[in-house]
Amino acid sequence: MNNSSSVLKQDLDHSDHSSDQFQPQPQPQRRPRGFAATAAAGAAEGKGRKEREREKERTKLRERHRRAITSRMLAGLRQYGNFTLPARADMNDVLAALAREAGWTVEADGTTYRPSPPPQLASFPVRPVESPLSATSLKNSAMKSSLDCLPLVLRVDESLSPASLDSVVVPERDTKNEKFANSSPINSPDCLEADHLMNDMQAGENENDFTGTPGTPCVPVYVMLPTGIINNFSQLVDEVCMRQELRHLKSLNVDGVIVECWWGIVEQWSPQKYVWTGYRDLFNIIRESNLKLQVVMAFHEYWGNRAGDMQIPLPKWVLEIGKDSADIFFTDREGRSNTECLSWGIDKERVLKGRTGIEVYFDFMRSFRMEFDDLFTEGLISAVEVGLGTSGELKYPSFPERMGWSYPGIGEFQCYDKYLQQSLRAAAKARGHSFWARGPDNAGQYNSRPNETGFFCERGDYDSYYGRFFLQWYSKTLIEHADNVLSLATLAFEETQIIVKIPAVYWWYKTSGHAAELTAGFYNPTNQNGYSPIFDVLKKHSVTLKFVCVGLPFSAAENDEALADSEALCWQVLNSAWDHGLNVAGQNVLPCYERDGYSRIIETAKPRNHPDRRHLSFFAYQLSAPGLVQREFCLPDFEYFIKCMHGEVTAEIQG
């Protein structure tokens, strides 16, 4: 019995071991090798990359939503609260403005506190004359009231430019607190030197007058001579009248004149056959008048502003080439060519009788330099302005009236000639997305509004991957054109001041996309400064920037219709240029012959409250029609405007 039990037990143990042998054992997991390992790693990396891209898009959407809310808040504060906030204000600016409105004091470093009666300062030393009190408080306050009361209630000075609103507060007299007015010796004029006090008093007396103050920086004024003084045969039209006009300008203390030298007149008939006869006669008369001279290399056409104005097309030999090859001109999406100026696509293409676009410009400039070498040597020609696009301004011809455009249309992209299309295809291929080699198909037409398009509307395609690629290429082409031409201009005009004109595309500035600026080539949406790369190139060539945005007399209704903000754009451009170390000049967009227009010009030319005391290097005054003497406008006001720009006005002249 025992033997059989032991045998049975051995059999069962054996069967258990044998069954264990037939059960599948877990195999150790092998790492993929070779191609399998690469594929697995690529899949994991691709998944991570997609997740990161999705997170970036989500972050971008949240940021756009936040900016939209901030933009609406700022618009409401400006419109209904009369807050003069900077164009690119952030929440710090808003909080500071609200705190000041509530009567708090906000210092430059952000220190915020409630104002209190000034303490007795017997145990403290009196501030020196150079203290911020005399340099800021007295200068910005209205000194018509007695100096015995320095104000204790603070308000934002509404006359400040947007660039200077961050930390400047202006005192205002409060009769309720007059009992504290003389509690501190610092409030007494006795602690200030007489000359500082008199200067501050003069500044306060002129605060509400358009004159500015005597002793401020001198801003030279140049008058632009009207187009038509040289006819299409390069002849001076009326020598007697011109002498009379120049003598009159000299009597008004104008510093100099500006003359446009038209490519379509001088090189009109044959390539490299330049006729400067009329300009030589004109320059001799200007020399006799003892006026300085600035010249403009005008490489665009001119069709006048009124019926009967002289028309100056591009050279006839260029137009002949254009008949067989319209791609030398800018072309819109519908294939219509614009003959206002040459396309930048041919800057390095030998399609102009064996020359490239920039070679044609260089030959013209070199001919001028050689022809008038004597005037350069004696210093009569003080500066040369180089035209870089339509109207002589660095911009695409995106707003052509001949194509039906009217203000405030957004304009159209001008990149459909075959040479710019080749450049776009090359850029898209280099980016790795060949299908991006096209212009936007939802950007509307010349007179569209941003919200009517899928490209420029809020959260539109302008801020998509493709949109950013296209706009960067479009703007880069403009910048490269400026760089190419200026490289040769500085060679042709060594040791001569060179000027580049930038337009003011101010409509739709209050939208997030800035559609009108984008079609003109300025990649300046609300989330970046599109002018900075341009100013880098201008600084590289030591160029003076002339900004065409002064004295725009638009009503509130007109600004609201186009969501325009010419003042905010003006201060963005001016401050950005000054930050780049550029000399900045100005030019009025529309002629102005009344005190309000002169006031706007002076305030822009010499901002009274600019923290860095910046000012324009000169101002170009644009006339509406030939003939200063025959024109019906107030010459005493114009002469007074000149004296204000020169800083020569005294208190006695104000009457």
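# Reading a predicted model, one feature at a time

Me: I'd like to begin with one residue. Where in the chain is F413 found?

Reply: F413 sits in the loop between strand 10 and helix 12. Keep in mind that this is a predicted model.

Me: Is F413 buried or exposed?

Reply: The general idea is a cut-off: under 20% relative accessible area means buried. F413 has 5%, so it is buried.

Me: And which residues does F413 touch, leaving out those up to four places away in sequence?

Reply: Here's the list: T331, D332, R333, P440, A443, F455, F456, F470, L471, Y474, L518 and T519. F413 and G439 are 26 residues apart in sequence, and their C-alpha atoms are 7.8 Å apart in space.

Me: What about the whole chain? What share of its contacts between residues at least 6 apart in sequence join residues at least 24 apart?

Reply: For this chain, that share is 74%. As for burial, 48% of the 655 residues are buried. The chain has 19 helices and 14 strands.

Me: What is the phi of S391?

Reply: S391 has a positive phi, about 65°, although it isn't a glycine. S391 also belongs to the loop between strand 10 and helix 12. With 35% relative accessibility, S391 counts as partly exposed.

Me: And what is the phi of E495?

Reply: About 60°, again positive in a residue that is not a glycine. E495 lies in the loop between helix 13 and strand 11. Its relative accessible area is 88%, so E495 is exposed.

Me: Now strand 10 itself. Is E385 buried or exposed?

Reply: E385, which is found in strand 10, is buried, at a relative accessible area of 3%. Beyond residues up to four places away in sequence, E385 touches V295, V296, M297, G392, I499, K501 and K546.

Me: On to helix pairs. At what angle do the axes of helix 10 and helix 13 cross?

Reply: With a pair like this, read the angle and the distance together. The axes of helix 10 (residues 357-371) and helix 13 cross at roughly 25° and come within 9 Å. Helix 10 and helix 13 are therefore roughly parallel to each other, and their crossing is right-handed. On the helix 10 side, the contact is made by I358, Y361, F362, M365, R366 and R369. Helix 13 brings H481, N484, V485, L488, A489, L491 and A492. Sorted by class, the contact of helix 10 with helix 13 has nine nonpolar, two polar and two charged residues.

Me: How are helix 12 and helix 13 oriented to each other?

Reply: Their axes come within 11 Å and cross at roughly 130°, so helix 12 and helix 13 are oblique to each other. Helix 12 passes helix 13 in a right-handed crossing. In helix 12, the residues that meet helix 13 are L420, S423, L424, A427, A428 and R431. Their partners in helix 13 are F469, F470, W473 and T477. The residues of the contact of helix 12 with helix 13 comprise seven nonpolar, two polar and one charged. F470 has already come up, as one of the residues F413 touches.

Me: How many disulfides does the count come to?

Reply: A disulfide is a covalent bond between the sulfur atoms of two cysteines. Here, the count comes to zero. Cysteines can still be read for burial: C261 is buried at 0% relative accessible area, whereas C218 counts as partly exposed at 40%.

Key
Residues are numbered from 1 along each chain as its sequence is written. This is a predicted model: local features need pLDDT of at least 70, side-chain atom pairs count only at pLDDT 80 or more; totals for chains, interfaces and linings use all residues. Side-chain values use heavy atoms; hydrogens and water are left out. Helices (H or I, at least four residues) and strands (E, at least two) are DSSP runs, numbered from the N terminus. Buried means under 20% relative accessible area, exposed over 50%, partly exposed in between (1.4 Å probe, protein chains only). Contact means heavy atoms within 4.5 Å. Axes are lines fitted to C-alpha atoms, for helices over the stretch in contact, and angles run from 0 to 180 degrees between N-to-C directions. Angles under 35 degrees count as roughly parallel, over 145 as roughly antiparallel, 65 to 115 as roughly perpendicular and the rest as oblique. A crossing is left-handed if the near helix is turned anticlockwise from the far one by less than a right angle, and right-handed if clockwise. Ala, Val, Leu, Ile, Met, Phe, Trp, Tyr, Cys and Pro count as nonpolar, Asp, Glu, Lys and Arg as charged, and the others, Gly among them, as polar. A disulfide is a pair of cysteine sulfur atoms within 2.5 Å.
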